[in-house]
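Dear colleague,

I am handing over the structure we spoke about, and below it you will find my notes on what was found in it. Please read them with the model open beside you.

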Amino acid sequence: MGHLIDRRWMGAALALADRGVGRTAPNPNVGCVLVRDDRVVGRGWTQVGGRPHAEAMALAEAGEAARGATAYVTLEPCAHVSTRGPACTDLLIAHRVARIVAAMGDPDPRTDGAGFARARAAGIMVTTGVREAEARAMIAGFLTRRAKGRPFVTLKLATSLDGKIARPDGESRWITGPEARAHTHLERSRHEAILVGRGTLEADSPTLDVRLPGLESHSPRRILLSRTPEAGWETIHSPAAIADLAGVDRLMVEGGAQTASAFLAGDRVDRLLLYRAPILIGQGRAALGDIGLSRLAEAHGRWRLADSRMLGSDRLEVYERD
């Protein structure tokens, strides 16, 4: 029973962490719920830009009610003091919580087990590993930045059934319907930056903003992949240069075919958003060019279907690296 209760409250913490996706770099998006006598006394999630942390926000809301509570947190509380704020482990100890339930440890070497150790030394019970896989997926950008030195990359493709992204003359508005386009805007809001190539810029003059009511302020930074700078755009010269994008842990690549192919050829795509409209174009512009495969066997075993759903008359398939 206790395990089921922990999973339930961790689900609430994960839902709070989801509010910060694409908004908290360079810090991870974390959620925290403080529970006492089966009642929530404090809630928090990492705020825009990474501070305050989730635990600090939840403790501020709970006040004295945090004493004796259980803190459900999606990541090990930080153990290092920063110029931007105190260590969350120390805050939890000072508020005398009775127990910490964490989904996973923090790979940041400044914490990496030290938060759990300090809490246990202060007499706090610590449970770890509750819904860990979901927590890892929630902070994929933070983890990818630390493991690979670059942002987590989502590649979006909107195609016809026969894999085309435009007619031969370049006409591409609109292949997919309004529901799929709205979902794309939601995805944009969950990334710190969005990237297109020179061809897409010249053909479409895209604004790449978020045009959903209430989420307009979540529009990502605009990045252009080009050898030539462009006014009003951040420009990088190659897919490898995404490693140098400060404050970007989640990057969305929207086009076009040459840019998408370059990211795939460089093995810099972690997630695919494939929107397929129930139309046939025939002769037209293909979604991809050469992605560096030397034989067909290399194409297998790379992608795992993570989600599939209908958006109006269009189908969305989400694939993640296997």
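Helices (H or I, at least four residues) and strands (E, at least two) are DSSP runs, numbered from the N terminus. This is a predicted model, in which local features need pLDDT of at least 70 and side-chain atom pairs count only at pLDDT 80 or more, while totals for chains, interfaces and linings use all residues. Residues are numbered from 1 along each chain as its sequence is written, and side-chain values use heavy atoms, with hydrogens and water left out.

I begin with helix H6 and its surroundings. Buried means under 20% relative accessible area, exposed over 50%, and partly exposed in between (1.4 Å probe, protein chains only). In helix H6 (residues 140-148) the buried residues are Ala140, Gly141, Phe142, Leu143, Thr144 and Arg145, and they pack against helix H5 (132-138), strand E6 (152-159) and strand E11 (250-255). Just after H6 comes Gly149, which takes a positive phi of about 70°.

Asp249 lies in the loop between strand E10 (234-236) and E11, and it counts as buried because its relative accessibility is 6%. Contact means heavy atoms within 4.5 Å; leaving aside neighbours within four places in sequence, Asp249 is in contact with Gly141, Phe142 and Arg145, and also with Ala25, Pro26, Pro151, Phe152 and Glu192.

Two of these partners lead to a point about the backbone. Most residues other than glycine have a negative phi, and most peptide bonds are trans. The peptide bond from Ala25 to Pro26, however, is cis, with omega near 10°, and Pro26 is placed in the loop between helix H1 (2-17) and strand E1 (31-36). The bond from Arg51 to Pro52 is also cis, with omega near -10°, and Pro52 lies in the loop between E2 and helix H2 (54-62).

As for phi, Asp38 has a positive value of about 60° although it is not a glycine; Asp38 is found in the loop between E1 and E2, and is exposed, with a relative accessible area of 55%. Asp267, another residue other than glycine, has a positive phi near 55°, and lies in the loop between helix H9 (257-265) and strand E12 (271-276), where it is partly exposed at a relative accessible area of 42%.

Turning to charges, a salt bridge is a side-chain nitrogen of Lys or Arg within 4 Å of a carboxyl oxygen of Asp or Glu, and by this rule the count comes to 21 salt bridges. One of them joins Asp18 to Arg190, with the closest N and O atoms 2.8 Å apart. Asp18 lies in the loop between H1 and E1, and Arg190 in the loop between helix H7 (178-188) and strand E8 (193-197), so this pair ties together parts that are 172 residues apart in sequence. Another salt bridge is formed by Glu320 and Arg304, whose closest N and O atoms are 2.7 Å apart; this pair links distant parts of the chain, with Glu320 in strand E15 (residues 314-321) and Arg304 in strand E14 (residues 303-311), 16 residues apart. Asp108 and Arg110 also meet through their side chains in a salt bridge (2.8 Å, N to O), and Asp108 is buried, with a relative accessible area of 8%. Finally, Lys148, Arg150 and Asp270 are linked in a network of salt bridges.
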